[in-house]
Amino acid sequence: MSSHVPHGQTPLRTVQVLGGGSAGSSAHVRSLAAGLVARGVRVTVCAPSEVGRAYGFGDVGARHVPVARRNDPTTVAALRAICADADLVHAHGLNAAVRAVLALSGRRVPLVVTWHTCAPSEGARARVVRLLERRVARTAAVVLGASSDLVDRARSRGARDARLAAVALPVSRVPAAVHDADGPDRLHQKARAELGAVGRPLVMAVGSLDEHRGYEMLLDATRAWQRLDVVPLLVIAGEGPLRGLLQRRIEDEELPVRLVGRRDDVSELLAVADVAVVASRWESRSVLAQEALRAGVPLVACAVGGTPELVGDAAELVPYGDAGALAEAVARVLEVPGRREWLRERGLAQAASWPSEDETVAQVLSVYDELTQT
């Protein structure tokens, strides 16, 4: 890959600011940093220490500077000092963007903001979030939205320039497809046995155990599976505040569900699943949905946010909150002859249409060029 820097010119200096470090945004920043560095761009990533350790920004040639996710004066001052020599600052997520806006106050440094998702909020918190989004949208030179509804949201908040910039799923997060004519090998059998899915279909859901993930509705749906000839097992990988409530329901109602906590082998578990489910209230570009389609795993998802745009006709889409429709969709995938194979083929074709990491980097760099070249 050729360098972006013409001979004799100073390399472009960028600062990437991460907030809470969600899996999707953190993986994107690592991928983006690698691509930018390969093109001769100097990249500094400001992220909490634990995020830096988990994603190894230094391993791809970026400089990682630990910065807490707080918006207090000390943290803002530290970020301001780091950005002192930057040609451009790129913040990922609302919290990081607010911190960057404060740090760049009074400076003529271009700010690019990527909205990967929107924070679920209600009541007084929703009003605060709306005010913060408005300030960020109106301050940023360009707002990049991971899905069309996020672009519309940025425009409604007063963004001067808002564009669709789909975030590519890093290749390292793509599980190998294992649904071949010979069936799963011994390792796959071992994985299913460990989960308790021997001789029964395995349904997989992944994500923090929070209210917006729709897990209570998903548990409602599992009750309808009792009528199937072979009752599927739902495995949920993730941790969060709803664990106690969900576990009590599973035990009290004797539901065919297992909570397996936070796992480092989610991609491997997904690869041996029969169906993946995304039951969230809202998603932009669900990582699980992307991993499932790329691995050839049939997907059932709620038709919210950017999900319909992401998956097209390559998944079973149902209304959010409709446990009956979700249960029927899963049963249809498992029981209708040829349905699983059709979804597998459509999923692989849909995934092939998504932008690559290289295309994602090229689009972002073109935005940088617009804002920094005079």
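Val89 stands opposite Leu111 in E5. The structure is a predicted model, in which local features need pLDDT of at least 70, side-chain atom pairs count only at pLDDT 80 or more, and totals for chains, interfaces and linings use all residues. Residues are numbered from 1 along each chain as its sequence is written, and side-chain values use heavy atoms, with hydrogens and water left out.

Strand E4 (residues 88-92) and strand E5 (residues 111-115) run parallel and are joined by 4 bridges. Strands (E, at least two residues) and helices (H or I, at least four) are DSSP runs numbered from the N terminus. Two strands pair if DSSP finds at least two bridges between them. An open sheet is formed by 7 strands in the order E3-E2-E1-E4-E5-E6-E7, with parallel pairing. Strand E3 (63-66) and strand E7 (162-164) stand at the edges. Each has a single partner strand, so one side of each is left without a neighbour in the sheet. From one strand to the next, the twist averages 20°. In a regular strand, side chains alternate between the two faces of the sheet.

Helices lie across this sheet. Helix H3 (residues 73-82) lies across strand E1 (13-18), strand E2 (42-47) and E3. Helix H3 runs at about 175° to E2. Helix H15 (residues 357-372) lies across E1, E4, E5, strand E6 (142-145) and E7. Its angle to E4 is about 140°. Such angles run from 0 to 180 degrees between N-to-C directions, with axes fitted as lines to C-alpha atoms, for helices over the stretch in contact. Contact means heavy atoms within 4.5 Å.

A further parallel pairing joins strand E9 (residues 233-237) to E10 through 4 bridges. Ile236 has Leu259 in E10 as its bridge partner. Strand E10 (residues 257-261) is mostly covered, with 4 of its 5 residues buried. Buried means under 20% relative accessible area, exposed means over 50%, and partly exposed lies in between (1.4 Å probe, protein chains only).

The count of salt bridges comes to 23. A salt bridge is a side-chain nitrogen of Lys or Arg within 4 Å of a carboxyl oxygen of Asp or Glu. One of them joins the side chains of Asp72 and Arg70 at 2.8 Å, N to O. Asp72 is partly exposed, with a relative accessible area of 22%. Another links Asp220 with Arg249, whose closest N and O atoms are 2.7 Å apart. This pair links distant parts of the chain: Asp220 is in helix H8 (residues 215-224) and Arg249 in helix H9 (residues 243-252), 29 residues apart. Asp220 is partly exposed at 28% relative accessibility, whereas Arg249 is buried at 13%. Asp220 and Arg249 also belong to a network of salt bridges with Arg223 and Glu253.

Arg332 and Glu316 meet through their side chains in a salt bridge of 2.8 Å, N to O. Arg332 lies in helix H13 (residues 323-335) and Glu316 in strand E13 (residues 316-318), so the pair ties together parts that are 16 residues apart in sequence. Arg332 is partly exposed, with a relative accessible area of 33%. Glu316 is buried, at 6%.

Asp274 is found in the loop between helix H10 (266-271) and strand E11 (275-278). Asp274 is buried, with a relative accessible area of 10%. Its side chain makes a polar contact with the side chain of Arg192 at 3.1 Å. The side chain of Asp274 also reaches the backbone nitrogen of Leu202 at 2.7 Å. A polar contact is a pair of N or O atoms within 3.5 Å; within protein, one must be able to donate a hydrogen and the other to accept it, and residues adjacent in sequence count only if both atoms are side-chain atoms.

The structure holds 1 aromatic pair. Tyr55 and Phe57 form this stacked pair, at 6.5 Å centre to centre and 20° between the planes. Rings of Phe, Tyr and Trp (its six-membered ring) pair if their centres lie within 6.5 Å; planes under 30 degrees apart count as stacked, over 60 as edge-to-face and the rest as tilted. Phe57 is buried, with a relative accessible area of 1%.

Arg135 is found in helix H5 (residues 123-139). Arg135 is partly exposed, with a relative accessible area of 47%. Not counting residues up to four places away in sequence, Arg135 touches Val101 and Leu102.
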